[in-house]
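I will start with a single residue and then step back to the annotated regions.

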Amino acid sequence: MSSSERFDCHYCKDSLLGKKYIMKEDTQYCTKCYENLFANCCEGCSLPIGCNCKDLSYKDRHWHEQCFKCAKCSRSLVEKAFAAKDDLLLCTECYANDYSSKCTTCKKTVMPGSRKMEYKGNSWHETCFLCHRCQQPIGTKSFIPKDTSYFCVPCFEKQFAYQCCACKKAITTGGVTYQEKPWHRECFLCISCRKQLSGQRFTSRENYPYCLECFSNLYAKKCVGCTKSITSLAGAKYISFEERQWHSECFTCMQCSVSLVGRGFLTQRDNILCTDCGREK
């Protein structure tokens, strides 16, 4: 037989004519060479998984079909649900008994693969995690803890939350108290310009809140010197004389501009003068 007609094992060169062989990447091998070269080693018995055996794999690990068993009770895991713990494969029953969490409500095991809720180290079956008020499953919706109970947001708002006196909606986070009434931060506004007052200095008139700027523009006295508002809320000092007011820095002689704060002065019609300028008149 010529070399072109031969059909040999690629590795040992034995003829494969009339024998069982295995192809790998377009190359033929006898079963013995294939197993020695390529067969996976079984995690259970440490023997090669031969060509005549099923090779069951999980995360790059391999088993004979008869070796694919629960590490604790030895029941077969073939075509059954299982769980992994460290390097061990366990049937769901053994895993649940040894490692699964217990439902805080019903005290039963939360089986691997089942839907569960977890919060601060506690676990629940999805159907056991209920709103304390309406007794409906909370599921993946938002909830609010209160003491040792849990509430869906609508029930918490109905039972516990303050109502904003501006928009009448529940205040669930933060908030501002003014005149013993609750407000959302975004609802507590200057009555004039509607600017948010939360975290800002403000004042009130007839129980309405105002930012300092609006209050000054609307109600503060005006300086005779510069005609701008005078407000002690902004820390400004001022001088008052005959129902007229000046900022301290504006209380100056009409003629020579010297400051008259803490000094004697004279009046001439609506003008104020230092004593020196007054005598010259």
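**A glutamine and its surroundings**

Gln-28 is buried, since its relative accessible area is 17%, and the cut-off for that word is under 20%. Please keep in mind throughout that what we are looking at is a predicted model. Gln-28 belongs to strand β2, which covers residues 27-30. Which residues surround Gln-28, if we leave aside the neighbours within four places in sequence? The contacts of Gln-28 are with Phe-7, Asp-8, Cys-9, His-10, Leu-16, Tyr-21, Ile-22 and Met-23. Among these, Asp-8 also takes part through its backbone oxygen, which lies 3.0 Å from a polar atom of the Gln-28 side chain.

Leu-37, which sits in helix α1, residues 31-38, is partly exposed, with a relative accessible area of 37%. Together with Tyr-11 and Phe-38, Leu-37 makes up a nonpolar surface patch, and the accessible area of the three together is about 290 Å².

Finally, the annotation. The unreviewed UniProt entry carries the label "domain: LIM zinc-binding" for residues 40-100, 101-162 and 221-281. In the model, residues 40-100 are 11% helix and 26% strand, with the end C-alpha atoms 32 Å apart. For residues 101-162, the figures are 11% helix and 27% strand, and the end C-alpha atoms lie 37 Å apart.

Methods. Residues are numbered from 1 along each chain as its sequence is written. This is a predicted model: local features need pLDDT of at least 70, side-chain atom pairs count only at pLDDT 80 or more; totals for chains, interfaces and linings use all residues. Side-chain values use heavy atoms; hydrogens and water are left out. UniProt positions are given in the numbering used here, feature names are shortened, and annotations may be inferred rather than shown by experiment. Helices (H or I, at least four residues) and strands (E, at least two) are DSSP runs, numbered from the N terminus. Patches are made of residues with over 30% relative accessible area and no salt bridge: like charges are joined within 9 Å, nonpolar side chains (Val, Leu, Ile, Met, Phe, Trp, Tyr) within 5 Å. Accessible areas come from the Shrake-Rupley method with a 1.4 Å probe; for residues, only the protein chains shown count as cover. A salt bridge is a side-chain nitrogen of Lys or Arg within 4 Å of a carboxyl oxygen of Asp or Glu. Buried means under 20% relative accessible area, exposed over 50%, partly exposed in between (1.4 Å probe, protein chains only). A polar contact is a pair of N or O atoms within 3.5 Å; within protein, one must be able to donate a hydrogen and the other to accept it, and residues adjacent in sequence count only if both atoms are side-chain atoms. Contact means heavy atoms within 4.5 Å.
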